[in-house]
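I opened my notebook for a friendly walk through this one. Here is what I looked up, entry by entry.

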Amino acid sequence: MAKLNVNPTRMEMSNLKKRLVTAKRGHKLLKDKQDELMRRFIELIKKNKSLRMEVERELQESFKDFLIASAVMSPEMLEEAVAYPKESITVDIKKKNIMSVHVPVMNFIRKFDGDEGSIYPYGFAQTSSELDDAISKLYGIMPKLLELAEVEKACQLMANEIEKTRRRVNALEYRTIPDLEETIRYIRMKLDESERSTITRLMKVKDMISKEA
Amino acid sequence: MIYMFKIAVVGDKDSILAFKALGVDVFSVYDSEEARKTVDTIARNNYGIIFITEQIANLIPDTIERYDKEIIPAVILIPSNQGTLNIGMSRINKNVEKAVGSNIL
C-alpha cells in the first residue's frame with residue numbers, strides 16, 4: 001500500500017487520524033447496508049424467478065388460444081372485435097424506500113371494477129369462443145404480470161445499488177483505510193525519529209559543555 | 001406521490017392484439033428503428049410499465065438498458081407468440097451476477 005503524500009507533521013497526523021475514524025465508521029455503515037440489501041435482494045430475486053416462469057408459461061397458453069381464435073376468425077373480424085376496448089387499465093405507482101433504494105409499488109386500477117363482462121368489448125354473435133378464452137386467460141394473467149413488473153424493476157434497481165455499495169465498501173476496506181493507517185504509522189515513525197535525534201543532540205551538546213567547563 | 005400511469009405493450013401485431021381488449025395501449029412494431037422510436041416516445045408519455053416482446057427487445061438492447069436505472073418506466077420483457085427466447089430469464093441471472101458476484105441460484 002502506498003502511503004499518502006503528506007508532510008510528516010503532528011497536525012497532519014491528527015487530521016489523518018480523524019479521517020481514519022470517519023472512514024472506519026463509513027465502512028461499517030456501508031457494510032451493514034450491503035448485507036441488508038443483499039438479504040432483501042435474494043428474497044426478491046427468488047420471487048422474481050418463479051414469477052417469471054409462471055407468467056411466461058401462462059402467457060404462452062393464452063397466446064396459443066389467441067392463435068386458434070385468429071385461425072378460426074378472419075383477421076379483419078378479429079381486429080374489429082378488439083379495436084375499441086371498453087375496459088381500461090391504468091396503474092398507480094408509489095415509491096417505496098428499501099435501504100435508500102427507491103423501488104416502485106404498483107397497484108393496477110380497472111375502470112369497470114367488478115364488472116366481469118367488461119373485458120369483452122365485442123358482441124358475441126360474430127366472434128368465436130376461442131377469443132373469449134384467450135382474453136379471459138390473458139386477463140387472469142394481468143395481476144401476475146404487474147407483480148412481475150414491480151418485482152423485476154425492484155430487483156434491477158437493487159442490483160445496481162448493491163454493485164455501487166460493494167465498490168464503495170471495497171474501496172474503503174482495501175484502499176482508503178490501509179493507506180491512512182500506513183501514513184499515520186509513517187508520520188509517527190518520522191516524529192519519533194526526529195525526537196530521538198533531538199535528544200541525542202542535546203545530550204551531546206551538554207556533554208561538550210561540561211567537558212569544557 | 002401518487003400518479004396514474006398508463007400501460008403499454010410493444011411487439012409484433014399478432015402477439016399483442018389480445019392485450020388490446022384489456023384496455024392497455026398496444027403499439028405494433030416490426031423493425032428495430034421503429035421499435036426504438038416507439039419505446040422512447042412512450043417512455044416520455046406517462047407510461048409506467050412497458051411490456052415488450054423478447055423478439056423486439058432483442059433488436060434494441062441499448063434502448064432497454066437505458067431504462068434500467070430509472071424507476072419509471074419499468075420495461076418488462078414478455079414472450080411472444082413464437083415462444084420465449086429466454087432473454088427475460090437471462091436478465092434476471094445477470095442481475096444476480098451483478099449483485100452477488102456469481103450466480104448463486
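**Entry 1: the interface.** I started from the rule for a polar contact: a pair of N or O atoms within 3.5 Å, where within protein one must be able to donate a hydrogen and the other to accept it, and residues adjacent in sequence count only if both atoms are side-chain atoms. With that rule I found 9 residue pairs in polar contact across the interface of chain A and chain B, both residues at pLDDT 80 or more. The elements that give two or more residues to the side of chain A that touches chain B are H1, helix H2 (75–83), strand S1 (89–98), strand S2 (101–110) and helix H3 (129–212) of chain A. Among these, H3(A) gives the most to that side, with 18 residues. By class I read 33 nonpolar, 7 polar and 13 charged residues on the side of chain A that touches chain B. For these classes, Ala, Val, Leu, Ile, Met, Phe, Trp, Tyr, Cys and Pro count as nonpolar, Asp, Glu, Lys and Arg as charged, and the others, Gly among them, as polar.

**Entry 2: ground rules.** I kept in mind that this is a predicted model, in which local features need pLDDT of at least 70, side-chain atom pairs count only at pLDDT 80 or more, and totals for chains, interfaces and linings use all residues. Residues are numbered from 1 along each chain as its sequence is written, chains are lettered from A and ligands numbered from 1 in the order in which they are written, and side-chain values use heavy atoms, with hydrogens and water left out. Helices (H or I, at least four residues) and strands (E, at least two) are DSSP runs, numbered from the N terminus.

**Entry 3: interface size.** I noted 53 residues from chain A and 52 residues from chain B in the contact (heavy atoms within 4.5 Å). The area buried between the two chains is about 4,700 Å², and carbon and sulfur atoms give 70% of that. Buried area here is the accessible area (1.4 Å probe) that two parts lose on being put together, summed over both.

**Entry 4: salt bridges.** How many salt bridges does the rule find across the interface of chain A and chain B? I got 0, with the rule asking for a side-chain nitrogen of Lys or Arg within 4 Å of a carboxyl oxygen of Asp or Glu. Over all chains the count comes to 20. I looked at Lys33(A) and Glu161(A), whose closest N and O atoms are 2.9 Å apart. This pair links helix H1 and helix H3 of chain A, 128 residues apart. Lys33(A) is buried at a relative accessible area of 15%, and Glu161(A) is buried at 13%. Buried means under 20% relative accessible area, exposed over 50%, partly exposed in between (1.4 Å probe, protein chains only).

**Entry 5: two single residues.** I checked Glu56(A), which lies in helix H1 (residues 10–72) of chain A. Glu56(A) is buried at 8%, and among the residues it touches is Glu54(B). Then I turned to Val9(B), in strand S1 (residues 3–11) of chain B. Val9(B) has a relative accessible area of 0%, and its C-alpha is 5.7 Å from that of Ile50(B), 41 residues apart in sequence.

Note on methods. Lists of a residue's contacts leave out its neighbours within four places in sequence.
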